[in-house]
Number of protein chains: 2
Amino acid sequence: MSHPVSPLALPMPDLAPVPGVLVGTAEVGIRYKSREDVTMMAFPAGTTVAGVFTKNRCPGAPVDWCRGALKGGKARALVVTAGNSNVFTGKAGRETCAQTAAAMAKLAGCKANEVFLASTGVIGERLPTEKLTGALPGIHAALTEKDWNGAARAIMTTDTFPKAATRTARIGDATVTVCGIAKGSGMIAPDMATMLCFLATDAKIPAAVLQGILKKGSDRSFNCVTVDSDTSTSDTVLLFATGTTKHPRVPAAGGPMLKDFTRAVHEVLMDLALMVARDGEGAQKLIQIDVTGAVSAKSAHRIAMSIANSPLVKTAIAGEDANWGRIVMAVGKAGEPADRDKLSVAVGGTWMAREGGVIPGYDETPVVAHMKGREVEIQVDIGLGRGKARVWTCDLTHGYIDINGSYRS
Amino acid sequence: MSHPVSPLALPMPDLAPVPGVLVGTAEVGIRYKSREDVTMMAFPAGTTVAGVFTKNRCPGAPVDWCRGALKGGKARALVVTAGNSNVFTGKAGRETCAQTAAAMAKLAGCKANEVFLASTGVIGERLPTEKLTGALPGIHAALTEKDWNGAARAIMTTDTFPKAATRTARIGDATVTVCGIAKGSGMIAPDMATMLCFLATDAKIPAAVLQGILKKGSDRSFNCVTVDSDTSTSDTVLLFATGTTKHPRVPAAGGPMLKDFTRAVHEVLMDLALMVARDGEGAQKLIQIDVTGAVSAKSAHRIAMSIANSPLVKTAIAGEDANWGRIVMAVGKAGEPADRDKLSVAVGGTWMAREGGVIPGYDETPVVAHMKGREVEIQVDIGLGRGKARVWTCDLTHGYIDINGSYRS
């Protein structure tokens, strides 16, 4: 929290309240002092929920809890702690989840499996359960529709700026709102969500339909962002739909009436995912990587992630060096079909190498200027097929070492 | 070359000449100024050769050349350049290889496909071929049996110390020598050799047998070392056997008579691989990772490499923080079978977490002391089976960023 704000930070948008959703935060002192560290949301009866979680094989206890609770498809409350992730805490960690959910269920007048839990922070330390459950009634009593901005701050750990996004969408003649907040700036890698991300809408959407929309949107956003290739044990994306606003009934199978709603959810997810990349630990530059001409979209995605995760590519960009040789290396190490002699590489729209060799006498001036900017674009054409993908990452700087060489101390 | 010598550096051993092998170096100015940058070795008629190369799909032209030449199984010369890797240089790169091999073959009185080539350094720039071929006669005229130490220095790029190792072995009643040199300190990752490594012996070994010994030894040494997960386009390990020293004839299938010779080759490879880890760009600590209890040896290796490649584990160790939570994360992200509640983690021989939770009141004193040392040992027991693996890496420090954020400038 004491690190300087990322130069890539974006201002918080004004978040309109989501009808039906109540939000609150409090200073509980789970680990941090003198800042809000517990966030609560409450939802009306009938709220449906969708979730996407880390693929890490050693997930935190709250992830296990949510996976179980998600089977019911219904949600009445969310409790999030920052500072302690309740990961690798064995039986004690599971008991913390059960006790927190039970206490929250009592306040919300619901079943325990309608309470969702998420925690982020240090791994392997017991979460002070009684301190947490003791604080819940006070937070619950002060819930309001308006405290989304406070929630975006209260879920932060090493983040340097709060992350929120919002859209409206039309379902039939009605207008619904989608709001989202997220936190995460390290231990970010593909094949999962981000560390924590919570969305809510006042639309009324069957849980299975909501799950499909969230999954697809996460794959296109959070799963296309990497900071350091490390996959957190706590990554959680939850989407709550209160159904408070009246609109034409959504059939169990979804359908074309949700086209605009799906767009809105996906845009919120994409906004938040890019904010995570912009707040990558130590990030000075946002990097967009486009791969075209791969044998398939999947192959293109793997090649793009190989470039995005390469420490040598990321340090070169930190040094404002358009070192396309390292990009070629990263293409080759992906293990996907590639032919050195068909590869082309561009930086900032200037093609530097084409079909296996440097372009003699290409104009370096625009490339040098582009590398000095805050946003760097890399294009690679594999020259083999029509598969394409776009991913984002950030550069690897001294700031990353500063932050992660002393995280616990 | 201007970076401070790694604190993990080892002194150069005294290398005995390998009967039959002539070595020479010269300042050619391929890229560097005022230092030796071209290395030559010459071997007598009858020398056999084995090779292991990068799995990067965009290999350098010299790697392609060696793969072709290796089919003949015979070698008479080796030419190595430092400063320019001749990678992603298209047709010009292939012509450089052909012209260099032709010029060297003329000097050595052999066929072009008995000449082996390796280059390391910047990617995507044409190697000044005539400068190189023009220098070969002078180097050839001054070859000696004794210049192994000079060769170990002349093949360096970002290395901070030269790397060499030697052993003797018995074959029947005869004693043979195995000498090796290596270079490499970044762009080091598994599934390949190191950047460049050359071994020679005076034993007489059929090429196919030599290949089997080298492959197995590389898998156990270089393929168990990672610095930054980036797989070079130039990685090459070559082993030359001159057959100069008389010993009982080795049958085409090899056999038990080569047990001691195999040990010697593998020990030289292991020595050199660990030196590469010790010279990892920015390395302040050598990290040994043991994984036991995995479902198979392959699974254990993958888990160990996931830990070794995790930026968060590597920065924690740089910060002298025994952050076993990040180790748990890295186990989980490997994608291999793992059960959080059966995992145990030790640092420096002290078990900190066992079967899914921290060991209450474990003595942190020896752990803290261990973390302050130059060599850090991590043990992880997966608790599922009998598979085990050991790998090595180094910590991730500001030095890595310094070196790689300004490599070309």
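A crossing of two helices is called left-handed if the near helix is turned anticlockwise from the far one by less than a right angle, and right-handed if clockwise. The model shown is predicted, so that local features need pLDDT of at least 70 and side-chain atom pairs count only at pLDDT 80 or more, while totals for chains, interfaces and linings use all residues. Residues are numbered from 1 along each chain as its sequence is written, and chains are lettered from A and ligands numbered from 1 in the order in which they are written.

**View 1. Helix 7 and helix 9 of chain B cross in a right-handed sense.** Helices (H or I, at least four residues) and strands (E, at least two) are DSSP runs, numbered from the N terminus. Helix 7 (residues 297-308) of chain B packs against helix 9 of chain B at an angle of about 130°, their axes being 8 Å apart. Axes are lines fitted to C-alpha atoms, for helices over the stretch in contact, and angles run from 0 to 180 degrees between N-to-C directions. The two helices are therefore oblique to each other; angles under 35 degrees count as roughly parallel, over 145 as roughly antiparallel, 65 to 115 as roughly perpendicular and the rest as oblique. I303(B), S306(B) and I307(B) of helix 7 meet I327(B), A330(B), V331(B) and K333(B) of helix 9. By class, this contact has 5 nonpolar, 1 polar and 1 charged residues (Ala, Val, Leu, Ile, Met, Phe, Trp, Tyr, Cys and Pro count as nonpolar, Asp, Glu, Lys and Arg as charged, and the others, Gly among them, as polar).

**View 2. Helix 8 and helix 9 of chain B cross in a left-handed sense.** Their packing angle is about 160°, with the axes 9 Å apart, which makes helix 8 of chain B roughly antiparallel to helix 9 of chain B. Helix 8 contributes L312(B), V313(B) and A316(B) to the contact, and helix 9 contributes R326(B), I327(B), M329(B) and A330(B). These residues divide into 6 nonpolar, no polar and 1 charged.

**View 3. Chain B meets chain A across an interface.** Here 52 residues of chain B are in contact with 51 residues of chain A, contact meaning that the C-beta atoms of two residues, placed from the backbone, lie within 7 Å. Helix 8 (311-318), helix 9 (324-333), strand 13 (357-358) and helix 11 (398-404) of chain B each give two or more residues to the side that touches chain A. Helix 9 of chain B gives the most, with 7 residues. The side of chain B that touches chain A divides into 20 nonpolar, 24 polar and 8 charged residues. Because 98% of the interface residues of chain B are also interface residues in chain A, the copies meet through the same surface.

**View 4. A rotation of 180° superposes chain B on chain A.** The shift along the axis is 0.0 Å and the RMSD is 0.0 Å; that is the relation of a two-fold axis. Copies are superposed by least squares on the C-alpha atoms of residues with pLDDT of at least 70 in both. Of the residues of chain B, H398(B) comes closest to the rotation axis, at 2.9 Å (C-alpha).

**View 5. An open sheet of 5 strands in chain A has the order 3-9-8-7-6, with mixed pairing.** Strand 3 (48-53) and strand 6 (163-171) of chain A stand at the edges, each with a single partner strand, so one side of each is left without a neighbour in the sheet. Two strands pair if DSSP finds at least two bridges between them.
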